[in-house]
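Trainee: Please take a close look at one part of this model with me. I would like to go through the loop residues and their surroundings slowly.

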Amino acid sequence: MTAKYLGIDVNQKLVKLVAGEQLKPEYLKMNPQHCVPTIDDNGFYLWESRAILAYLANKYAPDSPVYPKDPKERAIVDRMLYFDIGTVFMAVREYLVSNHIKYFFYQNSKREVFGL
């Protein structure tokens, strides 16, 4: 979305995580942590969405208000970029683990015990 908003032409490639494409040698060369998203900007590899956003704005749209140059304005953008890591993500993670993942493993363990 950031690339589109900034008018940057990108060649998107779908990485099929379930098929393990992120574990193939060519992907691991770009990203040894094998996570998504990852960009390849003419041999410069970068992963982590917030780092990618800042890089794209700094390199291809340095005068864009999306990622301002003024330290105070940029600090406000950064605050919102990182808010979800420590606050929203942790709350969502706790909810999912407590309500869905534990249930999934419980259901699967019942199947194994009862031969279902």
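Mentor: Start with a definition: buried means under 20% relative accessible area, exposed means over 50%, and partly exposed is in between. This is a predicted model. The chain averages a pLDDT of 87.

Now take the loop between H2 and E1. His34 is placed there. Its relative accessible area is 37%, so His34 is partly exposed. Look at its backbone too. Phi of His34 is near 45°, a positive value in a residue other than glycine. Pro37 lies in this loop between H2 and E1 as well. The peptide bond that leads from Val36 to Pro37 is cis, and its omega is near 0°.

What flanks this loop? Helix H2 (25-30) and strand E1 (38-41) each give two or more residues to the lining of the largest pocket. That pocket has a volume of about 1,100 Å³. It is lined by 28 residues, and among the closest to its centre are Thr38, Ile39 and Asp40. The most, five residues, comes from H3.

Next, compare another loop, the one between E2 and H3. Glu48 lies in it. Glu48 is not a glycine, yet its phi is positive, at about 85°. Its relative accessibility is 41%, so Glu48 counts as partly exposed. Strand E2 (residues 44-47) has the highest confidence in the chain, at a mean of 97. Confidence is lowest in helix H4 (residues 71-114), at a mean of 78.

Definitions and conventions:
Residues numbered from 1 in each chain as written. Predicted model: local features only at pLDDT ≥ 70, side-chain atom pairs only at ≥ 80, totals over all residues. Heavy atoms only, no water. pLDDT = per-residue confidence, 0-100. Helix = DSSP H or I, 4+ residues; strand = E, 2+ residues; numbered from the N terminus. 1 Å grid on protein atoms, 1.4 Å probe; cavity = no way out; pocket = protein on both sides within 12 Å on 5 of 7 lines; lining within 4 Å. Points joined across faces, edges and corners; volume = space filled by probe spheres on them. Buried < 20%, exposed > 50% of the residue type's maximum accessible area, 1.4 Å probe, protein only.
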